Amino acid sequence: MGLLNNVSFQRLQAGIDAANKRQSVLANNVANNDTPNFKRSDVSFESLLRQQESGLKSTLNAKISDSRHFQFGSATAIPSAVVTTDHTTSMNNNDNNVDMDREMALSAENQLRYNSYVHLINSDITKMRTAVEGR
């Protein structure tokens, strides 16, 4: 029995990993603001998680005792963050498509998202600690 291995906790961990990856990608976009022909990248995670959750129908899990069995029931696999590069747009005469105002707004949004994930994980750990210690 893993107290920290439930699906909710794993999703929060994946969210933090995605926020870290997104911050690196946004920093790379900002660093290459003046690089000719540079194309900005973005990280998708929350939309993939939302798509996965909307596809869930059953709350029952099938027990799998052999690798040849089909897996059905609630999905416990957490999607990974995906980095995509926008090759279709251009903002400057040098074919660069980095908009500094947009990158700064996305960075602030990512910071808020990261803080909310950390807050939720801390809340889960506090609840578990309270339950284990019996306070």
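Q: Buried means under 20% relative accessible area, exposed over 50% and partly exposed in between (1.4 Å probe, protein chains only). At 53% relative accessibility, what does Asn37 count as?
A: A bit of housekeeping: this is a predicted model, where local features need pLDDT of at least 70, side-chain atom pairs count only at pLDDT 80 or more, and totals for chains, interfaces and linings use all residues. Residues are numbered from 1 along each chain as its sequence is written, and side-chain values use heavy atoms, with hydrogens and water left out. Asn37 sits in the loop between H1 and E1, and its phi is positive, about 65°, although it is not a glycine. With a relative accessibility of 53%, Asn37 counts as exposed.

Q: In what order do the elements of the protein run from the N terminus on?
A: Elements here are DSSP runs, with helices (H or I) of at least four residues and strands (E) of at least two, numbered from the N terminus. The protein has 3 helices and 2 strands. Starting at the N terminus, the order is α-β-α-β-α.

Q: What share of the contacts in the protein between residues at least 6 apart in sequence join residues at least 24 apart?
A: Contact means heavy atoms within 4.5 Å. For the overall picture, the protein has 135 residues, and 26% of them count as buried. Take the contacts between residues at least 6 apart in sequence, and the share joining residues at least 24 apart is 76%.

Q: Are H1 and H3 roughly parallel or roughly antiparallel to each other?
A: Two packed helices are described by the angle between their axes and the distance between the axes. Axes are lines fitted to C-alpha atoms, for helices over the stretch in contact, and angles run from 0 to 180 degrees between N-to-C directions; under 35 degrees counts as roughly parallel, over 145 as roughly antiparallel, 65 to 115 as roughly perpendicular and the rest as oblique. H1 (residues 7-31) and H3 (residues 100-133) pack at about 155°, with axes 9 Å apart. H1 and H3 are therefore roughly antiparallel.

Q: How many nonpolar residues does the contact of H1 with H3 have?
A: H1 crosses H3 in a left-handed way, where left-handed says that the near helix is turned anticlockwise from the far one by less than a right angle, and right-handed that it is turned clockwise. For the classes, Ala, Val, Leu, Ile, Met, Phe, Trp, Tyr, Cys and Pro count as nonpolar, Asp, Glu, Lys and Arg as charged, and the others, Gly among them, as polar. Besides 8 polar and 4 charged residues, the contact of H1 with H3 has a nonpolar count of 15.

Q: Which elements do the buried residues of H1 pack against?
A: The buried set in H1 includes Phe9, Leu12, Ile16, Ala19, Arg22 and Leu26. An α-helix has 3.6 residues a turn, so residues three or four places apart point the same way. The buried residues of H1 pack against E1, H2, E2 and H3.

Q: How far is Asn110 from Gln23 in space, C-alpha to C-alpha?
A: Asn110 lies in helix H3 and counts as buried at 3% relative accessibility. Beyond residues up to four places away in sequence, Asn110 touches Ala19, Arg22, Gln23 and Leu26. Asn110 and Gln23 are 87 residues apart in sequence, yet their C-alpha distance is 7.1 Å.

Q: What distance separates the C-alpha atoms of Thr35 and Asp95?
A: Thr35 is in the loop between H1 and E1, while Asp95 is in the loop between E2 (82-85) and H3. Thr35 is partly exposed at 31%, as is Asp95 at 38%. Leaving aside neighbours within four places in sequence, Thr35 contacts Asn94 and Asn96. Thr35 and Asp95 are 60 residues apart along the chain, and their C-alpha separation is 9.0 Å.
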